[in-house]
Amino acid sequence: MKKGVSESRIEQVYQVRPEHLNGAGRLFGGKLMEWIDELAGLVGIRHAQQDVITASVDNLKFIRGAYLKDLIVLIGRVTYVGTTSMEVRVDTYIETVDGIRKPINRAYLTLVAIDGDGKPTQVPGLLVETESEKAEWEAGIKRREMRKQRKIEGF
């Protein structure tokens, strides 16, 4: 069985509050990483229809900061699947009051579906339909190969 990308896509909105700030008055990177990991996990659960664990986080690039009262929008979707793992892309934006979104972060996470005993278990395939989904799938294959190479190198 294959599932479409849109079937597990999730969009979540947060507002930066005082407890989310670091000493420099910006959104603490660790808080954003927590939100990204949480959203990716929910996307993975929706796709796999079972529990998932985060195996790795790649390409976590901070493009610009976020500040008190900013609206933070995270959008997650499955981009590539293997046998028991899936890659989830999470894009993060600041949304202005007039609805304009400016990117602040992009991350790719690898999640593994697990059964009731905590053992890896098979995930549904991914139905890629649009040109952008196909391009993301091809890029996902390359990212998977890079992850394999890094593992060989001890990273």
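This is a predicted model: local features need pLDDT of at least 70, side-chain atom pairs count only at pLDDT 80 or more; totals for chains, interfaces and linings use all residues.
Visitor: How many helices and strands does the chain have?

Guide: Helices (H or I, at least four residues) and strands (E, at least two) are DSSP runs, numbered from the N terminus. Here the chain has two helices and seven strands. Along the sequence, their pattern is β-β-α-β-β-β-β-β-α.

Visitor: What radius of gyration does the chain have, and what would a compact globule have?

Guide: The radius of gyration is taken over C-alpha atoms, and the globule rule is 2.2 Å times the number of residues to the power 0.38. For 155 residues, a compact globule would have a radius near 15 Å; the chain has 16 Å, which agrees. Along the principal axes, the C-alpha atoms fill a box of roughly 45 × 35 × 30 Å.

Visitor: What share of the residues is buried?

Guide: Buried means under 20% relative accessible area, exposed over 50%, and partly exposed in between (1.4 Å probe, protein chains only). In this chain, 39% of the 155 residues are buried.

Visitor: Which residues of the largest nonpolar core touch the most other members?

Guide: A nonpolar core is a set of buried Ala, Val, Leu, Ile, Met, Phe, Trp, Tyr and Cys residues joined through side-chain atoms within 4.5 Å. The largest one has 28 residues, and those touching the most other members are Leu32, Ile72, Leu74, Met86, Val88 and Val90. At least two core residues come from each of α1 (29-48), β4 (71-81), β5 (85-95) and β6 (101-113). Helix α1 gives the largest share, seven residues.

Visitor: Which residues does Leu74 touch?

Guide: A contact means heavy atoms within 4.5 Å. Leaving aside residues up to four places away in sequence, Leu74 touches several residues, including Leu32, Trp35, Ile36, Leu39 and Val90. For the chain, among contacts between residues at least 6 apart in sequence, 71% join residues at least 24 apart.

Visitor: How many salt bridges does the structure hold?

Guide: A salt bridge is a side-chain nitrogen of Lys or Arg within 4 Å of a carboxyl oxygen of Asp or Glu. The structure holds 16 of them. In one of these, Arg147 and Glu87 meet at 3.2 Å, N to O. This pair links distant parts of the chain, with Arg147 in helix α2 (residues 131-152) and Glu87 in strand β5, 60 residues apart.

Visitor: Are Arg147 and Glu87 buried or exposed?

Guide: Arg147 counts as buried because its relative accessibility is 16%. Glu87 is buried as well, with a relative accessible area of 0%. Both belong to a network of salt bridges whose members also include Asp58, Arg77 and Arg89. Arg147 touches Asp58 and Thr110, among other residues.

Note on methods:
Residues are numbered from 1 along each chain as its sequence is written. Side-chain values use heavy atoms; hydrogens and water are left out.
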